[in-house]
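Me: I'm new to this one. Could you walk me through how to read it?

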Amino acid sequence: MDTKEENLKATILNIQRMSTEDGPGIRTTVFFKGCGLRCSWCHNPESISPKPQIQWIENKCIGCGTCIKTCPENALSSTPEGIIINREICTGCGICTEECPTTAMELLGKFWELNELVEEVVKDYAYFSNSEGGITASGGDPVLQAHFVQAFLKKCKERDIHTALDTCGFCSTEALDLLLPYTDLLLYDIKQLNPELHEKYTGHSSQKIFKNILYIRDYILHKDRQLNLWIRTPLIPDATASAENIKAIGNFIASELGDVVNRWELCSFNNLCRDKYRRLGIDWPFNDTQLLSREFLENITAIAKETDVNPDIVYWTGATRVEDSEDETITQNKNPVQAI
Amino acid sequence: MNESASAVKYKIKEPMGLSPRITWLRDYYFEGVNRKWNNEYTVWTTGTPWDICYEEISYYIVPETYTFLQTFRSSMHQIAQPVKLHDDFWKWSLPERRAWFIREVMVNYVPQEILPGDLIAGARFNLQASRCWTKKEAKARDRLIYGKKGARAKMKCFHDHGYGNAGATSGHLIPDYKKVLDIGWKGIYEDLEKKYNSMSNREQKSGKGAQLRAMMTAAAMPRDLAAKYAALCRRLAQRELVPSRKEELQQMADNLGRVPWEPAETFHEAVQSLWLTHMLVMSDENYPGPGVSFGRLDQYLLPFWEHSISNGMDRELGKEILKCFWIHANTAYDAMIRVGGNQGITAGFGQLFNLSGMGPDGTDMTNDLTYALLEVIDEMTPILEPKPNVRLHRNSPDELLDKIIDMISSSQGAPFLLNFDERSMAGMLREAKMAGIQHLINENNVHDYASVGCLENTMAGNDRSGTVDINLNLLKAVELALTGGKDLLPFTDMMTGKPEKIYRDGANTGDAASFAAWEDFWKAYVTQTKLIIKKSAELYEASEKVRAAFSPTPYLSCLVKGCAEKGRDVTQDGPEIRFVTVEGVTFATAVDSLLAVKYLVFDKKECTMAELIQALRDNWAGHEVLQAKAKNRAPKYGRDDNYADEMARTVMDLWTDETWKYTTKSTNRRFRPGMLSWNYWVGDGYIMAASPDGRPKGQFLSNAICPSNGADINGPTANANSAGKALGGKAADGKGDWNEYFSNLPNGASHTITFNPSLLRDQEHRKKFKAFLKGYIENGGSALQINMIDADMLREAQKHPQNYRHLLVRVTGYNAYFTSIGRELQDEIIARESHNQY
């Protein structure tokens, strides 16, 4: 692997500016592609694979057939249901996405050079500096591209930009060693405390994740530089959003992590990703699952606050069901800018 | 679903905390046509058969009225009531006749009325008055208006062929109201008298002498009208049974006994003086509220506020007086109340005032009156007039920012415009440099700039900059470059249905199909841009010279420094600072079209120039793939993409540099650039042919400095950064026009960004929004309007308009009730709401 800084490249899904839900202030969130876990509810299925992928966005398509003609692998075909991507054959080369007149064919995951990325995020410096904002490396899980992310965070620090790292912690401690010194805020997922359920819903054992959070705790306690830690728990119906799990996580935070945690966010289930699954040709077990009700969220937040955790650090975020309407719409509490 | 069930779905801003008095006045106002009292135009004539009571030139910038100009002219005359003229009337000069006529009508013909509970006198002011022309004058003037080469035909031709519009219109300035408060009309009168008496006999007999006599006549009008209102208040007080109201009426009579003739002392007097003085400007100009703006209200009213507060005035009473003032300002809309209950979209009334802003040396000028005025706005909103514009800068206090963000979060859009001092002042200093008037605008006084109409920056009390007088479609130059100087499509007369033969109206820049390189096309575009600016200057002259010769406004001239000194009217070369602003319309559409031509024809060779031109002639029908590429693949301004924004900057430099070269011949007013698109970007979208950016004919053009609709896919910060760069950005060496800031547009540029209300859902997010505003101060443009609307809510409002009557949205610097505007524009606003979708 070429580790010279100027030659470093990363596969990035999206860069979202004026992001308001990924840490303090106004932020530019960089979504790195690729994730180690396989959470069944994943809201960003396009971020799981580390490789570039193609998707077809139906309502942008004018049916001109350009993509079919340009595909060097013959992986595309036109059917009454629209363009079908044969994912066995598609190499994700992206030629069709470059030729598509309407951008209906979209390449998920583009290569970015380090300097190019830094120049992009620095454009909003005026907004960061007025809000304790900055950049958030998110994903997927940025730890999978730790060398690049390290260089990126380091460059941001050199430009006086606040850095946040959003990870599920499914990585080696070596990866953490690369990243923690350049991170101002760590957004760390703790999803399920029960090891069997964790494995059932995320496809992997939680051992490494819990080992890493203790490693991070010790890092914070023993370093004199400021590193804030936010724990984030997705509230997924039937998978994580049980009183039992929330109590267990709360008590774990209180007993094992204590004062190093600055905030515990309960993130409500989001079903806006239904279209994403459909476009990627994946069946999603949560396809028919409704958004959580506001009442449920308030109750479970109350439960979280009743644990030994400092109640002042408990927040909930995300969308809730509209109760008095037949169709499910988003209430005031939704993200102002829709995250991928 | 029945209507009542859907009514509660979204919360709409309602007025709050209003006293029974204000509640009644406000509710009464909104009864509209059902009101017994209103401020509808009354029309007054000298009684001569050739009389004209309607100055159509004021409406040359309102294309919606073109069809009715002749109708208005004759119908106004038909319904006009005769005024008994002074025996010497026809011996006087035109400005003297006009000054006397307006005064006679306002004092002795138009009834004086006080609405129940009102604390401010001065009710009716909307007039259409005789132009006071002799037969000879009327004939001479008509010769300049009518005929194939007349001003009207020229104006119509310019508009029909998609160039835009131009005309010498009313208002759009900040009269020297501060002077009236400080020295009273008496002081102004005495000053005129002194100037007149110091003239030689010969000078007194000249036009200069006549102008000063006319201004003296006009300067006595507020005194005479106040006397009438004082008498009325006294009569009402005598009859009044409720002691508290009796006292109020007595107080009003006392106030009117002093102001506006004498300097104001108390806050109540100051507001009374201000209102009467202001409403008579609208009477004088025969136009309701056309950007006649108040300037820095919280600065020049502050001494009176502080005086009264320290003498025991209850702060709430001070606000109550202001609220009465608010109601009065809204009655401007009564002018043609029976024509349209639809207030807003076709009403370009912008009685604007500024709040806060910078003082000398970057200090902040926010004060208690600033907050009191913000409270008044908050409690009265939704309401249309007067229009607030809050000035922000690097040292704006957090308390102010928090207050305005609170207000934004509880309204559907910000109930005010925001102006950004650093960028605005850079523009004003550039103007001073370009026009060589640094003695009038410089680093020591530029902080006292203020905005008129919506966001158009000028100085106050000595400046007429004609801020909406020329509205030029920059895109037209792209069309002419494609065709070598001809319209892409033949113009079809709506009345006859006959298409006109296409002729060469622009410059002959050659056959675009033969251009070998992008540079050739750019050269043609440069030539055509120069040409359309020249054409707009010629067109403007046609109406400017008519106004200067035939339509003096001597009353307004008393309130603009320079007029008395020179003995020249404000419609002539009276004002110390005088510009004509060319408002560049369709900026982003033009920039995106240039980018698309370069991308499609030269860089990617997706098509030939001939194919592109054919596609535009066919309105993209049969060329959908090419259109899709133009829309989706070609670069666009507004994404903080340096490549595209560089093109925006180049286009900006080109047209603004060219604009500065022109001066009106008849009045010696220099041209200056700005970007306010009022609603032209909507209407002209149906006139202008399809454009290379993928836009078909019939779709809206871009608005002011905003990116094309849907092009701002990288969100609000990218959008703001692009606007700042297009205006000139910042100097790397710190040496800009004002500190490091540059601005090509002294007038400023209208910028609208729509946010989802959830961005302001809690304190944490409000802080983020505050950071956005602070970032905008650094990187953005000169003015910002914030819409805070959920697309779902708008769709709901489309479905159930009766439940969303008060849903106020802002489009290009003026307010409109969402449910009262056309379906197309509603759809446009809904589409605009989503930043992330094209």
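Me: In which helix is the place of B:Ser310?

Reply: Helices here are DSSP runs of H or I with at least four residues, strands are runs of E with at least two, and both are numbered from the N terminus. B:Ser310 sits in helix α14 (residues 302–310) of chain B. Bear in mind that this is a predicted model, where local features need pLDDT of at least 70, side-chain atom pairs count only at pLDDT 80 or more, and totals for chains, interfaces and linings use all residues. Residues are numbered from 1 along each chain as its sequence is written, while chains are lettered from A and ligands numbered from 1 in the order in which they are written.

Me: Why does B:Ser310 count as exposed?

Reply: You count the other C-beta atoms, placed from the backbone, within 10 Å of a residue's own: 20 or more is buried, 12 or fewer exposed, in between partly exposed. B:Ser310 counts as exposed because it has 8 such neighbours.

Me: What is the strand order of the open sheet in chain B?

Reply: Strands pair if DSSP finds at least two bridges between them. Here the order is β2-β1-β3, with parallel pairing. Strand β1 (residues 42–45) is joined to β2(B) by two bridges, and B:Trp44 stands opposite B:Gln81 in β2(B).

Me: How many residues of chain B are in contact with chain A?

Reply: Contact means C-beta atoms, placed from the backbone, within 7 Å. On chain B, 30 residues touch 24 residues of chain A. α29(B) gives the most to that side of chain B, with nine residues.

Note on methods:
Contact = placed C-beta atoms within 7 Å.
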